[in-house]
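User: I'm new to this structure and would like to understand the terms used for it. Could you walk me through them?

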Amino acid sequence: MPRFFVSDEQISADGKTLSIVGDDAYHIARALRAAVGDPLTVCDTKGTVYRCRLTRIRDERADAEILSTELSAAEPATEIRLFMAYPKGDKLETVIQKAVELGAARITPFLSEYCVKRPPEEKQARLLERQRKIAAEAAKQCGRARIPAVDAPLPFEDAVSQGVGTELPLFCYEGAGTKSLRAVLSSHVLPATCAVMVGAEGGFSEKEAKMLADAGWIPVNLGPRILRCETAPAYALSALSYAYELSDTAPLC
């Protein structure tokens, strides 16, 4: 069943009704050809799912009665923030889509030493709007109850400082002496927050890796094969899902 997202302002004060406006309302009326009385699934972007019944439908607004509410089972217990070095081409769009499907709560691009492509300032607003739309569509498709945030690109130093405040900050690095992702996850029981940082096509420079380690980030390797920069975040997020979403108390790896 299609799902739609609403803000707090679209839910009545007594929590008995809600309204859907704009393009979503038009989609309900014209594309879905919904009728009064049809069921509807709506999320508040905070993890709550509303089971509703349509009571009024117009092109610009659809009203619904809230029949029941429940916490979404699709939201991970660990809040994961993905930091992704800005890649070439349209790879970032793919990373955003897959990261949303795999449970990331926030995606933050950043600019590092080995970034080949850097977003032009004059196009940044349009690019960010498109990226956020991709995140919203991915959240609807995969049954999320929140739309993960997508940030404008940060300087590398800002990304380092913002991620280190999480309970488990990890950066993917193939340098000598790093532990496997499996080994690190097996020693951390269900962290409340986690950050994962992935480099661009060339990974991280030695200077950047040292800065991350000195700041408290944990270097992890992703196995014996060299992964593309757009594959690495999917690998890491999948490992986190396996470790923490399939167990209520401890990682399974």
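This is a predicted model: local features need pLDDT of at least 70, side-chain atom pairs count only at pLDDT 80 or more; totals for chains, interfaces and linings use all residues.

User: Why is the aromatic pair of F171 and Y173 called tilted?

Analyst: Two values settle that. The centres of the F171 and Y173 rings lie 5.7 Å apart, and rings pair if their centres lie within 6.5 Å. The angle between the planes is 40 degrees; stacked needs under 30 degrees and edge-to-face over 60, so this pair is tilted.

User: And what makes the aromatic pair of F171 and F204 edge-to-face?

Analyst: Here the planes stand at 90 degrees, with 5.8 Å centre to centre. Since 90 degrees is over 60, the pair of F171 and F204 counts as edge-to-face.

User: How do you know that this pair links distant parts of the chain?

Analyst: Look at where each residue sits. F171 belongs to strand 10 (residues 168-172), while F204 is in the loop between strand 12 (193-198) and helix 6 (206-215). The two are 33 residues apart.

User: Are F171 and F204 buried or exposed?

Analyst: Both F171 and F204 are buried, which means that each has under 20% relative accessible area. Y173 is buried as well.

User: Which residues have the most contacts inside the largest nonpolar core?

Analyst: Those are V196 and M197, in a core of 56 residues. Another core lies apart from it, with 15 residues, among them L18, V42, C52 and I66. Leaving out residues up to four places away in sequence, M197 touches residues including F110, F156, F171 and F204.

User: What volume does the largest pocket have, and which residues are closest to its centre?

Analyst: Its volume is about 360 Å³. There are 23 lining residues, and C172, E174, I226, L227 and A232 are the closest to the centre. By class, the lining has 12 nonpolar, five polar and six charged residues.

User: What makes up the lining of the second largest pocket?

Analyst: This pocket, with a volume of about 300 Å³, is lined by F5, V21, D23, D24, K133, A136, E137, K140 and I147. Asp, Glu, Lys and Arg count as charged, so D23, D24, K133, E137 and K140 are the five charged residues. The other four are nonpolar, and no polar residue is present. Helix 3 supplies the largest share, four residues, and helix 1 (23-31) gives at least two.

Note on methods: Residues are numbered from 1 along each chain as its sequence is written. Side-chain values use heavy atoms; hydrogens and water are left out. On a 1 Å grid over the protein atoms alone, a cavity is a set of points where a 1.4 Å probe fits but cannot get out, and a pocket is an open set with protein on both sides within 12 Å along at least five of seven lines; lining residues have an atom within 4 Å of a point. Grid points are joined across faces, edges and corners, and a volume is the space filled by probe spheres set on the points. A nonpolar core is a set of buried Ala, Val, Leu, Ile, Met, Phe, Trp, Tyr and Cys residues joined through side-chain atoms within 4.5 Å. Buried means under 20% relative accessible area, exposed over 50%, partly exposed in between (1.4 Å probe, protein chains only). Contact means heavy atoms within 4.5 Å. Rings of Phe, Tyr and Trp (its six-membered ring) pair if their centres lie within 6.5 Å; planes under 30 degrees apart count as stacked, over 60 as edge-to-face and the rest as tilted.
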